[in-house]
Amino acid sequence: MAADTKTGKRGGLTSRRRRKTIVNVICFILLAAASLTVLMPLWFMVSTALKSMDEIFTYPITWYPHEPIWSNFKDAWVSAEFTRWFFNSVFVAAFAILGGVLANSLVAYGFAKIRFPGRNIMFSIILATMMIPEFVTMIPQYVLYAKLGWVGTYLPLIVPQFMGSAYFIFMLRQFYAGIPNSVIESAQIDGASHFRIWRSIMLPMAKPAIMTVVVLSFNWSWNDFLKPLLYLMDTKTFTLQLGLKIFVSQSNTQWNYLMAASCIVLLPIIVVFMCLQRYFTDGMNIGGAVKG
């Protein structure tokens with residue numbers, strides 16, 4: 001009887017392991033298929049960037065260049081003002097990161113750790129702004145910036161970054177809320193002000209969330225096309241996204257050069273994400289502010 005019981009348990013364990021293995025294999029296949037779906041356009045862009053124009057239009061389509069032409073990247077870069085546009089994008093993105101970190105982290109700390117009248121109401125109003133489409137505020141913002149004389153400068157792209165973002169404020173507030181209040185109380189007993197606590201304690205402890213703000217701020221600023229199109233008038237002040245549009249018209253759609261330039265524009269985003277991927281993953285885990 002005992003032997004039958006042991007045999008039944010072993011059979012049950014083996015059956016569960018087999019089902020678990022099958023489920024894992026199916027999940028792996030589905031994830032691999034989804035990854036290929038995402039990576040195929042990227043691979044096609046890189047492959048096209050390394051081809052000649054004749055090879056691009058060959059039929060059937062070739063998924064890899066027979067003779068990679070690496071000089072396409074250099075030729076595409078020097079055929080337009082990409083160097084100037086690159087540094088313009090870096091300039092705007094740097095201020096976007098600075099404003100995103102300073103403004104949002106400071107406001108989030110106030111909502112998370114400072115008690116004041118109307119705190120919940122004000123936070124609810126901030127969250128409610130996330131439901132307002134950006135296109136609704138586009139015209140009033142343009143009129144305001146035009147009256148201030150900011151159109152044609154980088155100020156409409158930089159100053160709003162220091163006004164805070166509802167999404168970042170919410171994310172950082174939730175992260176700060178996971179930090180025990182005893183840490184704040186101990187610092188206050190030692191005579192630290194709220195600004196000192198935010199700068200010396202909260203920012204280091206919220207490093208994953210701050211890195212998430214850095215990655216997203218850089219990504220949104222680097223890829224922004226509409227706002228630079230609205231506010232920048234001189235080609236010398238254009239960002240890379242506007243520069244690519246000009247390059248399309250100037251190059252008579254040289255697809256290999258266009259794809260090469262697109263790869264170069266995409267590269268900084270990939271580099272930043274790969275360098276900060278670990279922090280980005282931890283930062284998106286809102287409940288992981290303090291790890292035992």
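The side chain of T48 has a polar atom 2.7 Å from the backbone oxygen of F44, within the 3.5 Å limit for a polar contact between N or O atoms, one able to donate a hydrogen and the other to accept it. This is a predicted model, in which local features need pLDDT of at least 70, side-chain atom pairs count only at pLDDT 80 or more, and totals for chains, interfaces and linings use all residues. Residues are numbered from 1 along each chain as its sequence is written, and side-chain values use heavy atoms, leaving out hydrogens and water.

Let's stay with T48 for a moment. T48 sits in helix α1 (residues 2-49), helices being DSSP runs of H or I with at least four residues, numbered from the N terminus. With a relative accessible area of 5%, T48 is buried; buried means under 20%, exposed over 50% and partly exposed in between, using a 1.4 Å probe and protein chains only. Beyond its neighbours within four places in sequence, T48 is in contact with I56, W255, N256 and M259, contact meaning heavy atoms within 4.5 Å.

Now to the aromatic rings. Rings of Phe, Tyr and Trp (its six-membered ring) pair if their centres lie within 6.5 Å; planes under 30 degrees apart are stacked, over 60 edge-to-face and the rest tilted. The count by this rule is 20 aromatic pairs, including these:

| Pair | Centre distance | Plane angle | Type |
|---|---|---|---|
| F82 and W85 | 5.4 Å | 80 degrees | edge-to-face |
| Y145 and W150 | 5.6 Å | 20 degrees | stacked |

F82 and W85 are both buried and lie three residues apart in helix α4 (residues 82-113). Ring pairs also link F82 and W85 into a cluster with W77, F86, F87, F218 and W222.

Terms used
Helix = DSSP H or I, 4+ residues; strand = E, 2+ residues; numbered from the N terminus.
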